[in-house]
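Please keep the sequence and the structure in view while reading.

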Amino acid sequence: MAVLISQATMKICFITALLSSVLLPSASGAEPFYIGTWKITSATVAPWRDGPPYESDLAEMKTLVNKMVTIQRAAIAGPRPVACKGPHYQVKDYPADMLFQGEFGEMHRRDHSADPAKIAAKLGFQGSSWKTLETGCGNELDYHFLDPGTAVFGLNNYVYTLKKQ
C-alpha cells in the first residue's frame with residue numbers, strides 16, 4: 001500500500017524538524033560542567049604567602065567559608081568578592097606553574113627548589129594539567145578543577161575549595 005504525501009505536507013514536516021533542531025535543546029547543548037551551585041567548603045593559607053595571613057584576609061576568609069556560589073551563563077552569584085556580572089568564560093588546561101595566575105611559577109622563579117608540581121600536589125592537584133575556568137571578571141578569579149565536583153580559587157592569600165551541590 002503506497003502512501004502519498006503532498007509537497008505542502010513535506011515542506012511543513014521539513015520546517016518543523018528544522019525549527020525544533022534550532023529551538024529545542026539537545027544532548028550536545030548540555031550545560032558546561034562548571035555551571036551550577038557550588039559551596040565554599042574550606043580555605044587554607046596560600047602557599048605563596050610568607051608568614052601568617054593578614055588580619056583583613058583572615059576576616060574575609062571567615063565570611064566566605066560555607067557560602068554558596070552559583071556559576072551561571074551570564075553571571076556568578078555569591079558573596080561580593082566572587083560575584084560577577086557578564087563573565088567571559090574560557091576553559092583552558094593549566095600546568096602547575098600557571099595555577100593561581102602563575103603564583104606557583106613565580107615561587108619557582110624566586111626559589112628554584114620550589115617545584116610547582118609538588119606545591120600543587122599538596123593542595124590536592126593530581127596529574128600534570130587541570131581544567132581552569134577563566135572568568136574574565138573584574139575580580140580576576142579563575143576556578144581550577146581538581147575533578148568535576150571540586151574546584152579551587154585563590155583570593156587574598158587563601159586558597160578556597162568549592163564542592164558542587
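A disulfide is taken here as a pair of cysteine sulfur atoms within 2.5 Å. The model is predicted, so local features need pLDDT of at least 70 and side-chain atom pairs count only at pLDDT 80 or more, whereas totals for chains, interfaces and linings use all residues. Residues are numbered from 1 along each chain as its sequence is written, and side-chain values use heavy atoms, with hydrogens and water left out.

One disulfide is found when the whole structure is searched. The sulfur atoms of Cys84 and Cys137 lie 2.0 Å apart and form this link, which is left-handed, with -95 degrees about the S-S bond. Because Cys84 belongs to strand E4 (residues 84-85) and Cys137 to the loop between strand E6 (129-134) and E7, the pair ties together parts 53 residues apart in sequence. Strands (E, at least two residues) and helices (H or I, at least four) are DSSP runs, numbered from the N terminus. Cys84 is buried, at 9% relative accessible area, and Cys137 is buried at 8%; buried means under 20% relative accessible area (1.4 Å probe, protein chains only).

A pocket is an open set of points on a 1 Å grid over the protein atoms alone where a 1.4 Å probe fits, with protein on both sides within 12 Å along at least five of seven lines; its lining residues have an atom within 4 Å of a point. The largest pocket is lined by 13 residues, and Trp48, Phe100, Gln101, Gly154 and Leu155 lie nearest its centre. Two or more lining residues come from each of helix H3 (99-110), strand E7 (142-147) and strand E8 (150-155). H3 contributes the most, with three residues.

Terms used
Buried < 20%, exposed > 50% of the residue type's maximum accessible area, 1.4 Å probe, protein only.
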